Amino acid sequence: MDTFDALRDFLLSRRARLRPQDVGLPDHGVRRVRGLRREEVATLAAVSVEHYIRLERGQASRVSDAVLDAVAEALRLSPGECRYLRSLARPSSTGSGHEGSGGVRPSVQHILDSMAGTPAYLVGRGGSILAWNRLAAAVFADFGGIPAAQRTVGRLVFTDPRARWLYVDWEAKAREAVSYLRTETGKRPRDPELIREIDELAHHSEDFRRLWSEQHVLETTHSTVVVRCHPPHQRLEFSWEGLQLTSDPDEIVLVYTTTPGSPSAAALLEMFHASRGGR
């Protein structure tokens, strides 16, 4: 992934979504391109056109942090988009791969297993699913039967045929997965495993290419999702939270809960009892 191209494409997409009237500027007739012009962004940010052009050409090292902040405000970037812009403009010199991972500590697996009645799994760099409890495997996928190299959030959503049946709103789940992967590339634009996965998904999935082009970045560590369970052949409505369980900032535990007393809670309890026969 070329950070220059990524930075350019992101800025182009963000100014393309704004109209002059959205930001209090006059609209002078027919426009050759969609959205704001470079000059208009520079005016809103109170920076020179040259400074903005440098940034859009990927020459972020020649642009100050103050200019970055001003451009982010001018383009009405969300907090997640601001973080993504900074990660592209100031890429880290570390974290270019998966080195340094010593595997999942037994204590972490014990914690996941202690959440016996709640699906939970540990996600690492690039969306790798590193550990899980029995109920997570029963609800989402037989993680243990999937080769580690293929056991990633992106591949499960876009290449596992069951995913489109599992997620009631597959489109929303797919957009969330793509947003997460784009955020990950901002952190580690030279990660070879991550680059390989994105290339594979783009090659095999038209939906992935479409969603990737939208330039969405991850905005939240909590949300809701509805899945189909088999058995008992009904929907499970979950709220999920991302929790920091380990000292690695790139690892997060996703914990899925249901509303007490709800049909989803009853169905999950039935799945829990059915899963106790073995992992």
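Q: What should I know about the model before I start?
A: It's predicted: local features need pLDDT of at least 70, side-chain atom pairs count only at pLDDT 80 or more, and totals for chains, interfaces and linings use all residues. Residues are numbered from 1 along each chain as its sequence is written, and side-chain values use heavy atoms, with hydrogens and water left out.

Q: Which residues of helix α4 are buried?
A: An α-helix has 3.6 residues a turn, so residues three or four places apart point the same way. Buried means under 20% relative accessible area with a 1.4 Å probe, protein chains only. In α4 (residues 65-74), V67, L68, A70, V71, A72 and A74 are buried. Helices here are DSSP runs of H or I, at least four residues, numbered from the N terminus.

Q: How do the axes of α2 and α4 cross?
A: Axes are lines fitted to C-alpha atoms over the stretch in contact, with angles from 0 to 180 degrees between N-to-C directions. These two come within 8 Å and cross at roughly 110 degrees. That makes α2 roughly perpendicular to α4, a label for 65 to 115 degrees.

Q: Which residues make that contact?
A: Contact means heavy atoms within 4.5 Å. V41, L44 and A45 of α2 meet A70, V71 and A74 of α4.

Q: Which strands does β4 pair with?
A: Strands are DSSP E runs of at least two residues, and a pair needs at least two DSSP bridges. Eight bridges join β4 (residues 234-243) to antiparallel β3 (residues 222-229), and five join β4 to β5 (residues 252-257), also antiparallel.

How values were computed
Buried < 20%, exposed > 50% of the residue type's maximum accessible area, 1.4 Å probe, protein only. Parallel < 35°, antiparallel > 145°, perpendicular 65-115°, else oblique.
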